[in-house]
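Open the structure in your viewer and keep the selection panel at hand. We will walk through it stop by stop.

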Protein chains: 4
Amino acid sequence: MTSTNRIRLGMIGGGQGAFIGGVHRMAARLDDRYELIAGVFSARPDVNRASASELRIDPSRCYDDVSELIAGESGRDDGVQAVAIVTPNHLHFDAAKACLEAGLHVICEKPMTLTADEAETLAGLAQQKQRHLLLTHPYVGYPLVQQARAMVKRGDLGRLRMVNVEYVQEWLAEAPGPDNKQADWRLDPKRAGAAGCLGDIGTHAYQLSAFISGLTLDAVSADLSSMVEGRQLDDNVHAMLRYTSGAKGMLWVSQCAPGFENGLRIRVVGGRASLEWAQESPNELWFAPLNAPRQRITRRDDWLGDDINRGVRIPGGHPEGYIEAFANLYQALADQLNGAPADWLPDANTGVDGLHFISAVLRSNQADGAWATLPPPVGKERTSGDQR
Amino acid sequence: MTSTNRIRLGMIGGGQGAFIGGVHRMAARLDDRYELIAGVFSARPDVNRASASELRIDPSRCYDDVSELIAGESGRDDGVQAVAIVTPNHLHFDAAKACLEAGLHVICEKPMTLTADEAETLAGLAQQKQRHLLLTHPYVGYPLVQQARAMVKRGDLGRLRMVNVEYVQEWLAEAPGPDNKQADWRLDPKRAGAAGCLGDIGTHAYQLSAFISGLTLDAVSADLSSMVEGRQLDDNVHAMLRYTSGAKGMLWVSQCAPGFENGLRIRVVGGRASLEWAQESPNELWFAPLNAPRQRITRRDDWLGDDINRGVRIPGGHPEGYIEAFANLYQALADQLNGAPADWLPDANTGVDGLHFISAVLRSNQADGAWATLPPPVGKERTSGDQR
Amino acid sequence: MTSTNRIRLGMIGGGQGAFIGGVHRMAARLDDRYELIAGVFSARPDVNRASASELRIDPSRCYDDVSELIAGESGRDDGVQAVAIVTPNHLHFDAAKACLEAGLHVICEKPMTLTADEAETLAGLAQQKQRHLLLTHPYVGYPLVQQARAMVKRGDLGRLRMVNVEYVQEWLAEAPGPDNKQADWRLDPKRAGAAGCLGDIGTHAYQLSAFISGLTLDAVSADLSSMVEGRQLDDNVHAMLRYTSGAKGMLWVSQCAPGFENGLRIRVVGGRASLEWAQESPNELWFAPLNAPRQRITRRDDWLGDDINRGVRIPGGHPEGYIEAFANLYQALADQLNGAPADWLPDANTGVDGLHFISAVLRSNQADGAWATLPPPVGKERTSGDQR
Amino acid sequence: MTSTNRIRLGMIGGGQGAFIGGVHRMAARLDDRYELIAGVFSARPDVNRASASELRIDPSRCYDDVSELIAGESGRDDGVQAVAIVTPNHLHFDAAKACLEAGLHVICEKPMTLTADEAETLAGLAQQKQRHLLLTHPYVGYPLVQQARAMVKRGDLGRLRMVNVEYVQEWLAEAPGPDNKQADWRLDPKRAGAAGCLGDIGTHAYQLSAFISGLTLDAVSADLSSMVEGRQLDDNVHAMLRYTSGAKGMLWVSQCAPGFENGLRIRVVGGRASLEWAQESPNELWFAPLNAPRQRITRRDDWLGDDINRGVRIPGGHPEGYIEAFANLYQALADQLNGAPADWLPDANTGVDGLHFISAVLRSNQADGAWATLPPPVGKERTSGDQR
């Protein structure tokens, strides 16, 4: 419970028929730290209005486009403080740029932009304007993902050797039917960008592995496929990873694999122990020390390190899920806006790093798997000296 | 998304330091169908005020006791329509009675009352006043629990033979420390009633088994224990069950079992197949037909029967948890208050049935395990003819 | 590897079409400590001869009945030293009695006899003749079952509170077809005795729980059913258990439960920790301490206590199964015959105890679940002082 | 049960202190189709004699070396028919060559030889002499591995898209102690060859994936590491795979990964369904069709296709393990020697293919991950037309 005022939130995208916008709204609502008061919910005026009405938005604060929203809200004392951008990928950049320039905090879906240049522009702008950009990689909001990261950091695994991450789905295993709005834009290079499942979920897998391992990726060797006939973008990604520390990794990302629902899963192996976490069983984390029994760590308040986000709302044994993980991002951003730093939150630099990753994978694939290097994330020197 | 007005909600209990009140608030908030606007959050005035302030409740609607709340809210056009009662057990009855008499809908924690007589009074009152009483057995809010029930009902299992239900926890495995507010009242016969873990979680186990199986319990043979020294109430319950149809069951409930967090789990066995569901992995339901491979049914919109509550908010593979299940009760109640029946919701009759169960178990235990019968739930004839 | 001579083994039963005889032969062969050289494989002469031929038994040592076998083998220097009795239940007693009287060691299938009196006769005879009677409860041959027992014994669980054991199968969920030799005799009171699944697999469940827990059962309250129409014997058993120490237990045994293959499973709960083991995943043992992560103990040589049978043939991660567990009994008997005691082996006293258990369950069931007591196993005083 | 004569078996290697020789002996013994009657169990005469004595081998048939064994056994009517070679890798070739030349059948540990040339020599010799060479890749002996292969073959998965195989262990995660005989030769390039874990277990992983998928590997891109300081050979292998059909794969092999015991595991993904099997739970096979519940297929006689080896000895629910899988190879070889073809058995051509795989991985690694092609296995044209 908290007595601070709710943060005034606007939304771009997320109208009727959309998916992720509703998740953002539930996440914002769960802990009662936000109130949604304005938005541009759809480019189609009728859908925009109808959506605003359903959401009980004051009609005067349902705007036709982003510039109107900024103009309208800037003039008021009770104007929005933050804007959630939940449109298809190709619209992220312009919207985020305009909001940051107007001095608004931004919550942005991933991938942050279509190109690394655009990403760097946003990162620079956020820095210059001293505004937060929260990039919604929700999986790092799971308490046990944060616990995994804390255990790596404090050395429970010894020096890291291997990272094995995969994100495998079945939902695009066949050519989608004609009315599949979600599939539609994701399979269209104009709206999704040059990366298919690589951009859509590969960035999640990469970001999760970087988040937990703390390792800096030096180079990647990749092999992309479009398994479903007629598909223009990749629907399967195989990659090998080399970290600056000497650790090695593998990454498998697919959206055409029958039998997999939302199979994000990571194993981190060090010299003394390994960890395993799978998104579909998010309330358990497996810790396997060398020559000792494997342990099942659950989401219990007294087991989690002090540096874990206080997003544990209910006792161990009472499952929390995806919405709660997502809400943990919103909650931590609210803390941040109230002065409590949450440096683990994915931000604009995370977005830049994700675009560099996409770019390196595409370059390697075009070069028949030759190793493609990428620059270190901002704030990290490229070094082979990671001594964990 | 929905455009109906939010239901105006009051709360009794749930102040600072409480647990379940916060869960009710998250559940009410998740789908944006309620607004909490009034309450009596604590019997201690300072805690009451501080809690209301944290919850951003208008101070004029933070009341000293239930009668004041009723008086204050009855006089206003925008007064509360429903009240959530989240106090310790012994306070449920008076509060629920007063609210129902005032024409308010009631959301009540379980066990509904301390005695079956009290329960029947409330059930009668709800009927007479034509008000809803939602009894918060949240586990039936899980979509796959509803799916299990639908599969039993449509005959996928054949005629039922055995039910095996257990609810096992470790949190009272030792005498609790001095400041454990949650444990405190639960171990005190004056506040918890004559049943210990039997009342606290045994009612959940019984209700879940009745909900899924649809069977009518005829008699129970029970053996209760207080395993922890000095404990006045039961902390372990073993029971055998006989249903009117000829089916048999077993029930194990414990709060003193190390290694179990929130181990609610049920297996239902019919002549053609069996089902298994465990609360700690709530997004999967195991269906095992005779002489055929066991199947893992997940929470996917296209797999769930039409009679499942539409509480599936996100795609399969994206875990939902306890809060979502709880929210499904609130959501269905909101539907009901708006005219859409949700006859699966636990109500006052469910509460009466639960008290009869408690009473029969206690009677059998006092008679060294002799079979104790119980009356059929309201709306069910006692019959051995259940033909599924 | 060992250089001792092979033990000369005879067999009664186990001819063509039989099941368990073949398992005994594999178990005897696996570690090369036995040679099968004589037998009465079937009451039907043609089957007997054909079976012996397939097994490469010298025709002169294929006998028509037990007395011939004893007569024939007693007269030779290289006569059998031990006899495995693998017939239907009703034939165990006479064969075992004759063999013991002739000074042979006996390996006997369970249940050892049809009545407790017969069992006591065999136990007395074994003692008087100083011969071993190995009762083949193979599940205690699994190394992790022995590890579980050792952990209980050394106090890892604290004082025991609850035991929950079940053995559930589906194979008799329907009336069997006309040619089902295995089902045939098991459903016939004349050959199986007064207990159906209770005798066939209930004895395994009871013996496993006694073996691991070390507790002495004081009384049982039982409810038996014949779920399949026309069945004369029980096919489902529910029971509550009271141990002399004050610990409590539950037991579920069934052969009419679709979806269960060979579901023997036990949970033992103490004040400090609990254990879980399931026969279908026999290479892992779950140890769950109070307020600490659950641990997965595997069948690794360096993890198992010194008092575990040295039956671990291959490294952890290389699964061992039912045949190896069975072979561990044979191996330990061979050790015993060579002078190395294996006091954990199920013997004639175990058989007596099993018959007392069957008898108590049947008595309780006939008395509508009234608690029926049973005498303590030989070598155990009945006491409520088990101080583990 | 079978009445054919036992096959007369010799053994090279497998003396006291060895590991895999004992497994071969148990596997040969389990189904009573072999008798071990001769051998060279160690290069050290004292160990050789002592081992033979423990194994009850006639001292006159315990030979000093392979040529003596061949000379001694060739002269006898009852001489060995087959020889099992269970020495360290570098000794396989000479022994196998000599035995084949002498007209003996050979059972050989993997990797078959140190080089592809040697492998081809053996394959040619086996063909020329019309003798069987069984290469002991035991994992394909598991009935559910054979079931997986049959399901792929009959099209249950649709056209294959991806193969993901891994074999991960922890046992060499640290530099081994001074007396570790098993580790010793495996870490020594002179005795193990140029491949470390790649040769020791990578060949198993590759062979398993080829066996189940039926795909022809076209090229590999690999990244090898020696994670443990001072190690001369690889202890971690990452590789991407390209099949001639257009399918893609990933392979992870490691012996320095804490928390993994014998983690061989494969997932095969087709356009209509996927399969998963893990060696540590060998009695279940997961079949996951597109948009339908995942199914758990168990080792039940009535579920397995007709083309599965008849190695199922006991009913479903009774676990079989590694020794039984190993024994299935021996059993099928015995069938083969008696005229019943078992074309699924790994043979000399499998060995050649394994050496080509090793060679391609090493070449790719030396070329910084450039794709290295390999010739198709004997009997397979290289084609992109695999139409399953």
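Which strands of chain B does helix 3 (residues 66-74) lie across? Select that helix together with strand 1 (7-12) and strand 2 of chain B: helix 3 lies across both strands and runs at about 130 degrees to strand 2. Helices (H or I, at least four residues) and strands (E, at least two) are DSSP runs, numbered from the N terminus. Axes are lines fitted to C-alpha atoms, for helices over the stretch in contact, and angles run from 0 to 180 degrees between N-to-C directions. Residues are in contact if their C-beta atoms, placed from the backbone, lie within 7 Å.

Before moving on, a word on what you are viewing. This is a predicted model, in which local features need pLDDT of at least 70 and side-chain atom pairs count only at pLDDT 80 or more, while totals for chains, interfaces and linings use all residues. Residues are numbered from 1 along each chain as its sequence is written, and chains are lettered from A and ligands numbered from 1 in the order in which they are written.

**The sheet of chain B**

Now show the open sheet of chain B, where 5 strands follow the order 2-1-3-4-5 with parallel pairing. Two strands pair if DSSP finds at least two bridges between them. At the edges you will find strand 2 (34-40) and strand 5 (133-135), each pairing on one side only. On average, neighbouring strands of this sheet are turned by 25 degrees against each other, direction ignored.

Zoom in on strand 4 (residues 105-108) of chain B, which is joined to the parallel strand 5 by 3 bridges. Pick Val106(B) here, and its bridge partner in strand 5 is Leu133(B).

**Where the chains meet**

Next, colour the contact between the chains: 29 residues come from chain A and 29 residues from chain B. On the chain A side, helix 1 (20-30), helix 2 (45-54) and helix 10 (322-337) each supply at least two residues. Helix 1 of chain A gives the most, with 4 residues.

**Two domains in chain A**

For the last stop, select domain 1 (7-136) and domain 2 (142-308 + 347-373) of chain A; such bounds come from an automatic or database domain assignment. The C-alpha centres of these two domains of chain A lie 27 Å apart. Across the boundary, 21 residues of domain 1 are in contact with 20 residues of domain 2. Helix 5 (116-129) and strand 5 (133-135) of chain A each supply at least two residues of the domain 1 side, and helix 5 provides the largest share, 6 residues.

Technical notes
Contact = placed C-beta atoms within 7 Å.
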